[in-house]
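This briefing concerns side-chain links in a protein model. Please consult the sequence and structure shown below while reading the grouped points.

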Amino acid sequence: MITWGRFLLGSVLLLAGCGTAGDGPATTAGDPSTAAVGCASRVETGSLPDWADEGFHGDTRMPHVFGARGEIVAVLFGHPLALVRPDASSNKILWVARPATTSPAPDASTTLKITATLDGTDTRVSHEVAGGPGPSIIDLPRAGCWHLDLRWAGRTDTVDLVYAERKP
């Protein structure tokens with residue numbers, strides 16, 4: 001006999017394994033009825049790690065989000081990220097990759113390729129940062145939690161970022 005708790009746990013594990021893969025079109029319409037998985041990354045406000053503070057002087061406390069694998073950090077100059085920014089600022093993100101421990105394959109693209117998927121939907125948007133991790137303006141079409149799949153120089157990581165409807 002299966003207990004109610006085991007049934008729920010099995011259902012949750014089954015749903016957690018579901019997802020999409022591959023590169024989609026630049027933007028795809030979403031299905032709002034898709035189950036949400038939530039925003040896992042939290043915005044840190046302390047100092048940047050030593051490996052990410054090159055070029056900064058003095059106090060390096062600023063909003064940032066670590067990649068799930070620890071390979072990259074998103075420094076949020078446009079915090080909070082928002083669809084509408086009445087102060088005319090931008091959603092500027094400085095992507096800083098942890099120094100690589102091995103050389104990338106000679107054919108690996110240095111371009112940072114970002115595939116952003118809106119949580120709970122199949123809405124997908126693609127961005128590229130030429131030359132690899134660095135400064136970018138990342139505007140997304142809807143408010144909510146966005147799961148960003150990041151690929152550069154043979155490396156990968158993921159970051160979740162929340163975009164508000166408007167900047168407070």
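Lys-167 is buried, at 19% relative accessible area, where buried means under 20%, exposed over 50% and partly exposed in between (1.4 Å probe, protein chains only). The side chain of Lys-167 meets that of Asp-87 in a salt bridge, 2.6 Å from N to O; a salt bridge is a side-chain nitrogen of Lys or Arg within 4 Å of a carboxyl oxygen of Asp or Glu. The model is predicted, so local features need pLDDT of at least 70 and side-chain atom pairs count only at pLDDT 80 or more, while totals for chains, interfaces and linings use all residues. Residues are numbered from 1 along each chain as its sequence is written, and side-chain values use heavy atoms, with hydrogens and water left out.

**Salt bridge Asp-87 to Lys-167**
- Asp-87 is partly exposed, with a relative accessible area of 43%.
- The salt bridge between Asp-87 and Lys-167 has an N to O distance of 2.6 Å. Asp-87 lies in the loop between strand S3 (82-84) and strand S4 (92-97) and Lys-167 in the segment after S9, so the pair ties together parts 80 residues apart in sequence.
- Helices (H or I, at least four residues) and strands (E, at least two) are DSSP runs, numbered from the N terminus.

**Other salt bridges**
- The count under this rule is five salt bridges.
- Glu-71 and Arg-155 join through their side chains in a salt bridge of 2.5 Å, N to O. Because Glu-71 sits in the loop between strand S1 (64-66) and strand S2 (72-76) and Arg-155 in strand S9 (residues 155-166), this pair ties together parts that are 84 residues apart in sequence.
- Glu-71 is partly exposed at 21% relative accessibility, whereas Arg-155 is buried at 16%.
- Asp-59 and Arg-61 form a salt bridge with an N to O distance of 2.7 Å. Asp-59 is partly exposed at 48%, and Arg-61 is exposed at 55%.

**Disulfide**
- One disulfide is found in a search of the whole structure, the term denoting a pair of cysteine sulfur atoms within 2.5 Å.
- The disulfide joins Cys-39 and Cys-145, with the sulfur atoms 2.0 Å apart. Cys-39 lies in the loop between helix H1 (4-16) and S1, and Cys-145 in strand S8 (residues 144-152), so the pair ties together parts that are 106 residues apart in sequence.
- The S-S torsion of Cys-39 and Cys-145 is about 95°, so the disulfide is right-handed.
- Cys-39 is partly exposed at 33% relative accessible area, while Cys-145 is buried at 10%.
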